[in-house]
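Good morning, colleagues. Please have the structure in view as I speak.

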Amino acid sequence: MYRFLLSRQWVILTLVGLVLIPVMIKLGYWQFHRHEHKVAQNQLIARSLAADPVPVTSLTAPGRELPRRDMWRTVSATGTYDTAHEVVVRQRTAADEQSIGYYVLTPLVLGNGEAVLVNRGWISAGNDLTRFPDVPAAPRGKVTVTGRMMADETTAASGIKDTKGLPARQVMLINSKEQAKRVGRPMLGGYIEQTGPKPSGNTPEPVPEPDHDSIGPHMAYAIQWWLFAAAVPVGWIVLVRRERRDRVTAAAEQAEQAREDEAAGDGGRTAEPAGSGETEAAGDKATPAPANP
């Protein structure tokens with residue numbers, strides 16, 4: 001009844017299904033873990049933004065990598081801007097997520113001689129990408145800056161290629177170690193994404209607060225993969241039953257056709273030839289009667 005399952009076609013189909021099931025289950029868990037990571041990151045961002053501001057030197061030091069738990073913490077720093085070593089970061093998006101321009105990155109020299117990088121915000125790229133753009137001037141004298149503490153960017157973490165040979169004072173990544181070499185003074189690890197003082201007049205556009213409400217589609221994708229995995233055996237059973245039904249129907253039709261053909265053949269062989277009775281009767285009449293002695 002189910003011998004067709006041993007055919008080459010059905011063996012291949014069954015093996016493909018057996019391979020797809022664990023693959024789809026694994027893909028579902030991969031998306032589920034991404035969902036968990038997104039939820040945890042949203043919680044971290046929310047806690048960090050809600051925490052009271054702390055001095056930048058309490059979270060980082062020269063050459064130190066910022067721990068993930070300190071990301072997005074609000075910090076404050078007091079010093080003077082070193083505009084002579086100001087650079088712009090290429091290929092950065094404005095708050096509208098469409099316009100491409102630069103981030104303005106300016107070292108802030110602290111009272112102890114160390115410096116911390118401050119991302120003052122976004123500006124338009126302009127028409128000439130080969131020269132240093134017109135950057136709104138940084139405040140003069142001693143200032144107190146507040147902002148979100150961010151980790152140094154790397155190609156591995158950001159996916160941004162650190163292109164060499166760029167025009168003067170242009171970089172691809174915000175990295176305190178690289179800028180420390182340029183500036184020639186100790187640089188605190190990480191950088192400040194400025195949020196205050198509030199901009200007034202001609203200043204760079206502030207970097208928007210990171211989204212920590214959206215959880216993305218990962219949970220929906222996980223459920224989708226698991227439903228696909230469950231659909232494989234269900235679909236296999238449906239196909240098997242359909243194949244068996246079609247084979248049973250085809251066999252019944254063949255048997256019925258065979259019976260009809262057999263009945264037609266038997267009827268042709270047993271039918272009496274037309275006119276045979278009349279011939280025999282005529283022969284009887286033609287036989288002469290015996291003569292009387």
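The side chains of Asp-134 and Arg-131 meet in a salt bridge, at 3.9 Å from N to O. By salt bridge I mean a side-chain nitrogen of Lys or Arg within 4 Å of a carboxyl oxygen of Asp or Glu. Asp-134 is exposed, with a relative accessible area of 65%, while Arg-131 is partly exposed, at 41%. Here, buried means under 20% relative accessible area, exposed means over 50%, and partly exposed lies in between, with a 1.4 Å probe and protein chains only.

A word on the source: this is a predicted model, in which local features need pLDDT of at least 70 and side-chain atom pairs count only at pLDDT 80 or more, whereas totals for chains, interfaces and linings use all residues. Residues are numbered from 1 along each chain as its sequence is written, and side-chain values use heavy atoms, with hydrogens and water left out.

How many salt bridges does a search of the whole structure find? The search finds nine. One of them joins the side chains of Glu-153 and Arg-92, at 2.8 Å from N to O. Glu-153 lies in the loop between strand 6 (142-150) and helix 2 (155-158), and Arg-92 lies in strand 3 (residues 87-93), so the pair ties together parts that are 61 residues apart in sequence. Helices (H or I, at least four residues) and strands (E, at least two) are DSSP runs, numbered from the N terminus. Both partners are buried: Glu-153 has a relative accessible area of 13%, and Arg-92 one of 8%.

A further salt bridge is formed by the side chains of Arg-148 and Glu-193, at 3.0 Å from N to O. This pair links distant parts of the chain, with Arg-148 in strand 6 and Glu-193 in strand 8, 45 residues apart. Arg-148 and Glu-193 are both buried.

Let me turn to strand 5. Nine of the ten residues of this strand (residues 115-124) are buried, so strand 5 is largely enclosed by the rest of the structure. Thr-106 stands opposite Val-118 in strand 5, and Leu-117 stands opposite Tyr-191 in strand 8. The hairpin of strand 4 and strand 5 has four residues between the strands, and in this hairpin Gly-113 takes a positive phi near 90°.

Key. Two strands pair if DSSP finds at least two bridges between them.
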